[in-house]
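Trainee: I am new to this structure and would be grateful for a guided reading of its local features.

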Amino acid sequence: MASDNVIEEKKQGQALLTEQKKGNSKKLFIESYGCQMNLNDSEIVASILSNEGFNTTNLLEEADLVLVNTCSIREKAEQTIRKRLQKYNAVKRINPMMKVGVLGCMAERLKEKFLEEEKIVDLVVGPDAYRDLPNLIKEVEDGRDAVNVILSKDETYGDVSPVRLNSNGVSAFVSITRGCDNMCTFCVVPFTRGRERSRDPQSIIKEIHDLVDTNYKEITLLGQNVDSYLWYGGGLKKDFKKASTIAQETAVDFSQLLEMCANQFPKTRFRFSTSNPQDMSLDVLHTMAKHKNICRYIHLPVQSGSTKVLKAMNRQHTREEYIELVDNIREIVPDCALSQDIIAGFCGETEQDHQDTLTLMEYVKYDFGFMFAYSERPGTPAAKKMPDDVPMDVKKRRLTEIIELQQKHGLYRTQQFVGKTVEVLIEGESKKSDKHWKGRNSQNTVAVFEKENYKIGDFVLVKIEDCTSATLIGTAVGYSDNN
Ligand code: SAH
Ligand code: F3S
């Protein structure tokens, strides 16, 4: 998922106190690893638990309950979380009453085994079972271990208003789908997050309304596969064909949802992530072209530039079909930025396949990307049927080549902005200087510029004077007409 969407292995930010309920006496420390879906789920969990007397804290040492939302996407992500559990262990020695729960993908993958493998863990809760947390916590308080990893057909948490954690008060994520049906052979997500289902558009619009009312300016619609969004009254995507004729005829697809959002909130910027190439329709591109407030940016993971490898990965498109989609994007939304996810060294990948990935990158010249060495995940179709046969040193060398090429393309793309004036939404202070703001342009590229009298949440026109491979550097020349 987008620049900030797939930052596996890294912590996504822990709870900062934004909304505290009066009278709540218990303290929850919650932190998330992995994708933005996890961060958003933690916000849902914080909301469910705020009704149970918990306020969030950012001090681990004072917590009554510690929850960690986990990621299983690569082995390294799981190792990072196991190390984190050791830290909790050290704190528990000082605060023995503290309870520890694991949420998310690792909880779903390991289930009861987690309790045996990590003695510190009291509670194991999968991504569809968060409503059961109040009961599970009671079990734990009564001295029993508690596990709920049941996956659901219709859970979307549509009626829960997330407590915004670590928020900049400007940009927020709104989940629109859960789960994934694609069964890419390398991927653990369909096993940990279950089958795909979409959320009621009315509840999506209501959540956006609440955000806009509290001054949020940018909304990212989130899902493993947003383009496959389909609301027909609830239930699994795969059961759509079994729905009544009227339900099918009145169904809302992703381009319609996007259109509804863009029309109802003309001053709000919209982003979405992730787009699976096989599901991206021309309708979505035309909707983007029609609305200035839909950002010119698509995260379009390709994984490999070789049709043979794509087939082994069970991606439902060829190299040529992907190129055709990119050509369509360039034609219909000419100023659209593209980013990728690429896996280096998947099972059976030859030197020629790797070259195919490099030439595809050369063709697209992605603005940025997220690149990984293949990591075999237990239980996936690839782990069951395909030998992980590319030696680690070869995987690493190919990954380095891919990263270096991406850096070159990143610089090429940022250079195209030099001399131009772009609209930037101010999100906060630049990491490197307290005299500069940082924000992103429509293409999702970070821009920094002197603060002057502008403030967080302003849409500002910035003249770009310089750049690095990932950042634009410029001067504000005034407000944009979007304020
Ligand atoms: N839904 C997204 C992907 C979600 S997972 C899509 O449409 O593609 C995020 C990224 O992690 C994937 O795009 C892939 O590049 C990477 N990834 C997933 N499983 C992996 C594995 N076993 N080894 C290495 N990278 C993996
Ligand atoms: Fe994973 Fe493929 Fe879905 S990468 S999340 S199975 S689209």
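Mentor: This is a predicted model, in which local features need pLDDT of at least 70, side-chain atom pairs count only at pLDDT 80 or more, and totals for chains, interfaces and linings use all residues. Residues are numbered from 1 along each chain as its sequence is written, chains are lettered from A and ligands numbered from 1 in the order in which they are written, and side-chain values use heavy atoms, with hydrogens and water left out.

Trainee: Is Q303 buried or exposed?

Mentor: Q303 is found in the loop between β15 (297-299) and α11 (307-312); helices (H or I, at least four residues) and strands (E, at least two) are DSSP runs, numbered from the N terminus. Buried means under 20% relative accessible area, exposed over 50%, and partly exposed in between (1.4 Å probe, protein chains only). The relative accessible area of Q303 is 7%, so Q303 is buried.

Trainee: What is the phi of N166, which is not a glycine?

Mentor: Most residues other than glycine have a negative phi. N166 lies in the loop between β7 (146-148) and β8 (171-175) and is partly exposed, at 34% relative accessible area. Its phi is positive, at about 55°.

Trainee: Which residue does a cis peptide bond join to S273?

Mentor: Most peptide bonds are trans. Here the bond is cis, with an omega of about 5°.

Trainee: In which helix does E331 lie?

Mentor: E331 counts as exposed because its relative accessibility is 64%. The helix that holds E331 spans residues 319-332, and its name is α12.
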